[in-house]
Amino acid sequence: MAAVSATDGVAATALRSVIQRIEHAAERCGRRSDQVRLVAVSKTKPVSLVKQVYDAGHRCFGENYVKELIEKAPQLPDDIEWHFIGNLQSNKVKPLLTGVPNLVMVETVDDEKIANQLDRVAGNIGRKPLKVFIQVNTSGEETKSGVEPDGCLELVKHVTSNCPNLEFCGLMTIGMPDYTSTPENFKTLARCRSEVCEALGISEDQCELSMGMSGDFELAVEMGSTNVRVGSTIFGAREYPTK
């Protein structure tokens with residue numbers, strides 16, 4: 001985990017607090033904190049604020065909007081590992097992959113069409129296989145993206161069998177805003193993982209769970225998350241204007 005000095009700014013101090021909270025949550029359930037990846041979600045935040053967190057030693061950042069990421073990434077060091085965590089349209093795939101060479105993960109593959117387009121573009125530009133998570137709508141909310149839980153396995157099989165330029169790495173979900181319902185959402189994702197691992201003949205260690213955001217990441221860690229997406233707790237709630 002990143003080390004943060006007392007001279008760093010507010011966002012860097014907040015980063016240290018989040019890392020400590022992840023460590024404590026992992027300890028409570030007998031896990032190692034290095035089994036959990038922290039994605040610092042920097043959507044709508046200025047490059048200067050992202051750089052502050054980068055300078056504190058953090059390297060994994062997440063963005064929700066293609067245009068913003070394409071504008072932001074070239075202004076920041078190229079050893080950042082970018083995760084795209086927003087809804088992705090097919091016509092934005094080529095600009096995203098060509099504009100952000102250090103994009104390491106797309107967490108929001110939710111149908112065969114977007115999987116096929118990512119696979120096609122990744123192959124055409126000759127980049128190494130792109131890591132992907134399958135997004136599952138565990139809450140049943142119509143406003144949420146994601147494949148239904150009962151369609152999860154079929155989509156995973158499509159990616160693993162028909163998309164050689166994609167590397168299936170796990171499952172992702174967004175829990176309900178009502179955190180009392182969140183445990184059920186996380187349990188549903190864990191059940192999907194069990195089904196996927198049994199069908200593919202792989203261990204659960206080979207299928208990550210991306211779940212948990214600013215309001216529920218500690219609970220997510222305790223329930224097995226390997227990838228938490230934390231934004232406002234690190235960067236603050238202020239929204240900055242975007243171009």
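Which residues does Ile234 touch, not counting residues up to four places away in sequence? They are Ala11, Ala14, Leu15, Val18, Leu38, Ala40 and Val53, where contact means heavy atoms within 4.5 Å.

A word on the ground rules. This is a predicted model, in which local features need pLDDT of at least 70 and side-chain atom pairs count only at pLDDT 80 or more, while totals for chains, interfaces and linings use all residues. Residues are numbered from 1 along each chain as its sequence is written, and side-chain values use heavy atoms, with hydrogens and water left out.

Back to Ile234, which lies in helix α9 (residues 232-235); helices (H or I, at least four residues) and strands (E, at least two) are DSSP runs numbered from the N terminus. Ile234 counts as buried because its relative accessibility is 3%. Here buried means under 20% relative accessible area, exposed over 50%, and partly exposed in between (1.4 Å probe, protein chains only). Ser194 is 40 residues from Ile234 in sequence and 32 Å away in space, C-alpha to C-alpha.

Now to Lys43, where UniProt, in an unreviewed entry, places the feature "modified residue: N6-(pyridoxal phosphate)lysine". Such annotations may be inferred rather than shown by experiment. Lys43 sits in the loop between β1 (37-41) and α2 (47-55), and it counts as partly exposed because its relative accessibility is 30%. Leaving aside neighbours within four places in sequence, its contacts are Gly62, Glu63, Asn64, Tyr65, Glu68 and Lys72.

Strand β5 (residues 130-135) is largely enclosed by the rest of the structure, because 5 of its 6 residues are buried.

| Strand pair | Sense | Bridges |
|---|---|---|
| β4 (residues 103-109) and β5 | parallel | 3 bridges |
| β5 and β6 | parallel | 6 bridges |

Val106 stands opposite Val132 in β5, and Gln135 has Met172 in β6 as its bridge partner. β4, helix α5 (residues 112-125) and β5 make a right-handed β-α-β unit, as do β5, α6 and β6. Right-handed means that, with the strands pointing away from the viewer, the path from the first strand over the helix to the second runs clockwise.

Finally, helix α7 (residues 182-200) has 19 residues and reaches 27 Å from its first C-alpha to its last, close to the expected 27 Å (1.5 Å times one less than its number of residues). Its buried residues include Phe186, Leu189 and Val196, and among the elements covering the buried residues of α7 are α6 (152-162) and β6 (166-172). Just after α7, Gly201 takes a positive phi of about 70°.

How values were computed:
Two strands pair if DSSP finds at least two bridges between them.
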